[in-house]
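Here are my notes after a first pass through the model.

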Amino acid sequence: MKKSILALALAATTTVTIVGTAVACTTAVYHNGNASVSSRSMDWHGYDEAEVLGTGKGVETKYAATENAVSGVSQYATLKIKSFAQATSSMGSSLVAEAMNDQGLEARILYLGREYTAFPEGSAGTPDVSSLQVPNWAVDNYATVEGVIDAIQNGKVDIIEDEVCNLPGKEGHCTQAPVHYQFADKTGDKAVVEFVRGELKVYRGDNAAQLSNNPELAVHLEFDANGKKSDGSIHPIDRRLRAKEIITDMYVRNVTDSDQAKVAMRAVANSTFAGYEQLDYTLDNPATFPTLWTVHTDRNSGEWVLDRHDTWAAEKYDFTQFDNTISESVSLGIHPAHK
């Protein structure tokens, strides 16, 4: 049986090569003692000015462009990273790729190709959340991973298809959202949510601690179970494995101090970084997928450190930089070239 499952996993990685997609945004979540930290890279074959927004609670928001959309007043102050300003969807321009609220819940969107991703049709009696609005909806309305997952698994919302157009390098092209999600909170709870060919798949605990892109997470976990070790490629499977190896080492060394954990987490960013013109030869037509930015999250202190690939000064953001009680969004930072 194990040999059969591994064969399926190998077949899935072959599919990745055939479809020609190997974007490798990579995340790692760590929680031990006083340390509650994450690292996430944004990899894309284009440009992303990555604007950081601080938003106070009380903002009236609608999370889908349907008559049955979830809507309401945001419950928490948030930090959000808006990516790809020229991209459009049913909800307007740009999309929130990374988000955290003042309770320490973080939510993020990563690429998962359409050969895997398909969202089921929503039901008439259940309110809708656009597939591209999930990070917004999660951090605006929930304090914990448990709350988010309860809403998704128990039919309180429908996550519905949305179309995204004009992504960098894909100008003039539209596609149904190729995405999956990761959530983490101060308690150490974490989850990955995917909709694979219309079927909801939720992963909790250690299985959700690291995430990358194609193939679906179940295949990555099969490689884990069969003892695959990472190599030096920029394929998502290897980048996720390198992140997992570093996180495993941190637990073995019992890193419980927050500052020490932040230093250790730099190794994740360094080991998964592709901020140069390295060709991915797993593709039929080799291309580059550079790391455009990396963000390090401290959930306990509500802090981000954002490191852009083409600037030399890391940027620090937290909830003291804006009024958390005023229901408006403030731009806290954008790429210097776009100020």
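1. Tyr30 belongs to strand E1 (residues 27-32) and Tyr251 to helix H5 (residues 236-252), so the pair ties together parts that are 221 residues apart in sequence. Helices (H or I, at least four residues) and strands (E, at least two) are DSSP runs, numbered from the N terminus.

2. Before going further, the ground rules. This is a predicted model, where local features need pLDDT of at least 70 and side-chain atom pairs count only at pLDDT 80 or more, while totals for chains, interfaces and linings use all residues. Residues are numbered from 1 along each chain as its sequence is written, and side-chain values use heavy atoms, with hydrogens and water left out.

3. How exposed are the two tyrosines, Tyr30 and Tyr251? On the scale used here, buried means under 20% relative accessible area, exposed over 50%, and partly exposed in between (1.4 Å probe, protein chains only). Tyr30 comes out at 0% and so is buried, whereas Tyr251, at 34%, counts as partly exposed.

4. Another pair to look at is Tyr181 with Phe183: centres 6.5 Å apart, planes at 25 degrees, so the pair is stacked. Both Tyr181 and Phe183 are buried. Then there is a cluster, in which ring pairs link Trp44, Phe84 and Tyr111.

5. On to the cysteines. A disulfide is a covalent bond between the sulfur atoms of two cysteines; here the call is a pair of cysteine sulfur atoms within 2.5 Å. The structure holds one disulfide, formed by Cys165 and Cys174 with their sulfur atoms 2.0 Å apart. The link of Cys165 and Cys174 is right-handed, with 110 degrees about the S-S bond. Cys165 is buried at 11% relative accessibility, while Cys174 is partly exposed at 35%. Cys25 is buried too, with a relative accessible area of 3%.

6. Some backbone spots to check by eye. Asn214 and Pro215 are joined by a cis peptide bond, omega being about 0 degrees. Pro215 sits in the loop between strand E16 (210-211) and helix H4 (217-225).

7. Which residues have a positive phi although they are not glycine? Ala50 is one, with phi of about 45 degrees; Asn254 is another, with phi of about 55 degrees. Ala50 is in the loop between strand E2 (35-43) and strand E3 (51-55) and is buried at 0% relative accessibility. Asn254 is in the loop between H5 and helix H6 (258-272) and counts as partly exposed at 47%.

8. Now the pockets. The search runs on a 1 Å grid over the protein atoms alone, and a pocket is an open set of points where a 1.4 Å probe fits, with protein on both sides within 12 Å along at least five of seven lines; lining residues have an atom within 4 Å of a point. Grid points are joined across faces, edges and corners, and a volume is the space filled by probe spheres set on the points. The largest pocket has a volume of about 600 Å³. Its lining has 26 residues, and Arg266, His296, Val305, Asp307 and Ala314 lie nearest the centre. Elements giving two or more residues to this lining are E2, H6, strand E19 (291-298) and strand E20 (303-308), and H6 gives the most, with seven residues.

9. What is the make-up of the lining of the largest pocket by class? There are 10 nonpolar, eight polar and eight charged residues, where Ala, Val, Leu, Ile, Met, Phe, Trp, Tyr, Cys and Pro count as nonpolar, Asp, Glu, Lys and Arg as charged, and the others, Gly among them, as polar.

10. The second largest pocket holds about 380 Å³ of space. It is lined by 22 residues, with Thr61, Lys80, Val96, Gln133 and Asn136 nearest its centre. E7 supplies the largest share of that lining, five residues. By class, the lining of the second largest pocket has six nonpolar, 11 polar and five charged residues.

Definitions and conventions:
Phe/Tyr/Trp six-rings, centres within 6.5 Å; stacked < 30°, edge-to-face > 60°.
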